[in-house]
Amino acid sequence: MKKTVHTAILLIAFLSIHLNANASHYAGAELTYRWVHDSTYHFTYKIYRDCAGLSGSNVVPNGVMTLCCHNTCGTTNDTSVDLTADNILPDGRPNCSPVSTGCGGVASQCDNPGSPNHSDLDGYQECWYEGDFTIPARCAQWTFSVWANSRNTSQITNLNTSGNQNIYTEATLNNVVAQGNSSVDFTVKPVPFVCINNQYVYNNGAVDIDNDSLAFALVQPRSSPTVCGAPSNIPYKPATPPYNLTTNPLADNNTFTLSPTTGQLQFTPNQTGQYVVALQVTEYRNHIAIATTVRDIQIYVLANCSIQPPPFTPDSVNISGGYLNNGIIENCANVPLNFCFKSKSANAAAVLVVSDNHLQQAPGSTITYSGQQTDSVTGCFSWTPSNADTGLKILTITIKDSTCSAGIAIAETYSIPIYVNPNIRASNDTSICLGSSVALFAVGSTSFTWSVLPGGSPISSLSCTNCANPVATPSVTTKYVVTSNVTTSTSCNSTDTVIVSVNTVPSKPLPTSNSPLCANTTMDLYAGTTANSYIWTGPAGFNSVVQNPVVNNIQVPNTGWYHVRAKNGNCISAADSVYVTVTVTPKFPIITGNSPICSGGTINLFAQSSNNVNYNWTGPNGFTSGSQNVIIQNAGTQYSGTYNVTASYPSNSACVTAAASYTVAVSAGIFADFHFSKDSICQYDAVSINYNSGGSDSLLWSFASGIPLDTLADNPISVKFLLPGTQTVTLTAADSGCIDIVSHTIHVYDAPPSTFSAPAITCFGDPITVVSNNDFNHNVQFNWNFGVATVLSGTGEGPYALQYAQPGTYQVTLITQNPNCTSPLIIDTLLVDAIPSAAITTADINNICSDDSVHFDGVAVSGSHYQWIQSRIFANDTLSSTYALVRNAGYIYLNVVDTFGCKASDSLYFTPHPCCIVSFPTAFTPNEDGKNDVFRPITTGHHDIAYFRVFNRWGQLVYSSREEQKGWDGKYNGIPLDAGDYYFTMKYRCVDGEYFEEKGEVMLIR
């Protein structure tokens, strides 16, 4: 059967499972995969471990395994990825749980590992490992392999040197033609228990979710020496008759058969033991092998089974909706199928339990059982397959006798093949144009007959009537009926109908439009032919399906051919076209002009729009013009008013701009005048100007060197002149383009000079010089006022030398006169600054030690600058209050400059004492002769002693004191000590200084 192939990029990993080095006794295994999406697949590895013979051990494989992959296409030939052990199996048991024997109360080696006498039944653990991998490339032969160390030891009966063999299984995939395929899965566990000399039927329950065709065959069991190593076949042991893959893969005396269609095994074993067989399932799609899955199976043949395997009897007579054909139940898709089967044991005490895989093989089906857990069980199958279920389905029935002969539940698995045939199906309904043909088809049978229902074209409209694919050429809408002629048991009789609708071809539409058009207007298109629908195409991506499209806001890019075809169903007429012209409207005109003007002047108007356009002017007094620029000479007041202009292209005069406007004012004229209140004035004096505007609202004054003292809107205007001589004042009046200019003069007498200069700030005691800034003039009289100042020197114009008795702020004034004018009063302010104080103070000038940090203060005045001389000894020599590190006797100086530059100085002499010098003698003679009788530090007596201590050579303290002038007399507790070396330590500081520590030796001499 064909299935959907999902195309994706496939990343393949060379998959192999690496188990714990301690793990062994593996009895069965399988590797399957399920497609997830794109090139990603989910791999599941199931392995079954024989618990027998593992003394005291129930060890399970590691939680991480290696999966390996190989391809034959030269791309990523070998790679690997880890898989992870499941925590819980799908049925809810913990991973690596024992496989149930099916007999309550019967223990296995898995339940009691290492049973001393092997009294328990051999058992199996089931472990699952899973993981995703993405395949990197397409190849016709990807091989996924699984390796585990190792198989059962010498317990395997049919394989040579089985104790040295690892268990190996694999799956393959052709992802060139079957990307997205999922492998088969198995619904029956690969560790069956079989009774000697009893015929045994077994099926692995292979299920393929992709509905591919399956083929079954035995292959030689294989091993691999290492993880991802090359596999090799494990040879059979010698036997009589010899072991082979067809009739004797285990000791069954050539009774073994395998159905390649259903995968059912049947044999009668004649020797006990554990036998290994490998089943390969091949998937076919469209007659191409796309994948294989190899399952490693261990069959345990037991002795002393007292109960025969339960029989299986299908009811082949009472099949509803299907029929038995060569051992296969056949039916048709969408037809209900019902049949029953029965199992009755020869042992009346038998307890039969029947299970199946109907949910996996026949989705939506049901099986109803009666008599479960008795000696006779009946099951009835019911299913209505869909069209998607066509093909072969292998229904497996497992019958278990739970009376537990030999400690196990005797079970056999039977298969019921079901083949679902497809229904007859014809082409989908379609439509054609009159005079055309269409190919019909029918599927679902091997022989067909076509006919025509009344009301359509005759049967002769078909190219053949007894074929699968006739060609129909009807002239009217016709219903064709196909019927299958095959009535054998391998086909489903059915009919189907296909309707071929015939549509007429419309005539050419003969389109028209409302072209030519202006941009931003509406375009109307018209198709003359009547049809079911229309196909319009045109410039700028235009398309429409209506008969008469309307396009708003049309633009220049929409200019061009518009094509239209009429359509009835799928029948389309020949195309016809209409050309549409869209012209852009010129730019809105911009007008400039020279308004306002006076009567009799010239009006100049200028228009600017797009290039190469026509202009149309209208205006007052019946004015019209087609020029771009308008000139009206000798214009009177009748030409006052609004002028309008529009623009259009010569090619489409309909596309006219909106009118642009410009207003022109023509004035009759104005007359203005003014006069001075005086004929002459002194420099810096003011004069009034009275004026007449002549009716103008626009006045422009020119005052020469004059400065107006009022706003220009005042009348009169007060003006003073800064320069002497004859001054011309001009008034310009303008109104509506008319101008009147009038000028008058006034004489301005030269005012005597009256400026002078003097220092703004002077230090107290310094003389002040006042200097006139005027040129010398014998006709000028100087009137000075120096206030309380003492005039040291100077007469007339000056210069003058002044001095004030006290610091403070003072004024000097000056008035000058000549025969015509007197100057204004000039005032200047002088500041006489007091000399700053530079007095130096300190805390105790007579009690200073060498290297002391001494605090010196000057008089702090905000804004003053300070400079201490001998700056190298000061922490900061520019502050009013600072510290100095004094070592030697001498002067210090302080210079002070205040904010006005006035200076002062002071000095101070100091003599530091050597306060901090400490020394120690190297020996002393305490013999009470008054000379060198005590050992003490040699100081100047200006120290703060924390401690002074003396120790003998054993570290014993013999003397301690904090007094600077007291010393050690060589005794301890009043007893003279022996001569020798002693050690001292002293911690001290100069007054207000940091602490120092001195250490050393002294010799006591007797």
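Aromatic ring pairs number 43 in this predicted model, counting rings of Phe, Tyr and Trp (its six-membered ring) whose centres lie within 6.5 Å. Planes under 30 degrees apart count as stacked, over 60 as edge-to-face and the rest as tilted. Because the model is predicted, local features need pLDDT of at least 70 and side-chain atom pairs count only at pLDDT 80 or more, while totals for chains, interfaces and linings use all residues. Residues are numbered from 1 along each chain as its sequence is written, and side-chain values use heavy atoms, with hydrogens and water left out.

**Aromatic pairs**

- Phe 43 and Phe 144 form a tilted pair, because their ring centres are 4.9 Å apart and their planes stand at 50°.
- This pair links distant parts of the chain, 101 residues apart: Phe 43 belongs to strand S3 (residues 40–50) and Phe 144 to strand S8 (residues 142–148). Strands (E, at least two residues) are DSSP runs, numbered from the N terminus.
- Phe 43 is buried at 1% relative accessibility, and Phe 144 is buried with a relative accessible area of 1%. Here buried means under 20% relative accessible area, exposed over 50% and partly exposed in between (1.4 Å probe, protein chains only).
- Trp 561 and Tyr 579 make an edge-to-face pair, with 5.2 Å centre to centre and 70° between the planes.
- That pair also links distant parts of the chain, 18 residues apart: Trp 561 sits in strand S44 (residues 560–568) and Tyr 579 in strand S46 (residues 576–580).
- Trp 561 is partly exposed, at 48% relative accessible area, and Tyr 579 is partly exposed, at 38%.
- Ring pairs also join Phe 920, Phe 924, Phe 935, Phe 948, Tyr 959, Trp 968, Tyr 982 and Phe 984 into a cluster.

**Charges over rings**

- The charged end of Arg 949 sits over the ring of Tyr 947, 4.0 Å from its centre. The criterion is NZ of Lys or CZ of Arg within 6 Å of the ring centre and within 35 degrees of the ring normal.
- Lys 987 places its charged end over the ring of Tyr 995, 5.3 Å from the ring centre.

- Seven of the seven residues of S8 are buried.
- Both faces of S8 are covered: Trp 142, Phe 144, Val 146 and Ala 148 are buried on one side, and Thr 143, Ser 145 and Trp 147 on the other.
- S8 runs antiparallel to strand S4 (residues 64–71), joined by four bridges; two strands pair if DSSP finds at least two bridges between them. Phe 144 is the bridge partner of Cys 69.
- Seven bridges join S8 to strand S9 (residues 167–173), again antiparallel, and Trp 142 has Leu 173 in S9 as its bridge partner.

**An open sheet**

- Four strands in the order S31-S37-S36-S34 form an open sheet with mixed pairing.
- Its edge strands, S31 (430–433) and S34 (448–452), each pair on one side only.
- S34 and strand S36 (residues 478–484) run antiparallel and are joined by five bridges, with Val 481 in S36 as the bridge partner of Ser 451.

**Confidence**

- The chain averages a pLDDT of 85, and 91% of the residues score at least 70; pLDDT is the predictor's confidence in each residue, from 0 to 100.
- Over residues 1–22 pLDDT stays under 50, and the model has 118 contacts for them beyond four places in sequence. Contact means heavy atoms within 4.5 Å.
- Residues 55–61 also have pLDDT below 50, with 20 contacts in the model beyond near neighbours in sequence.
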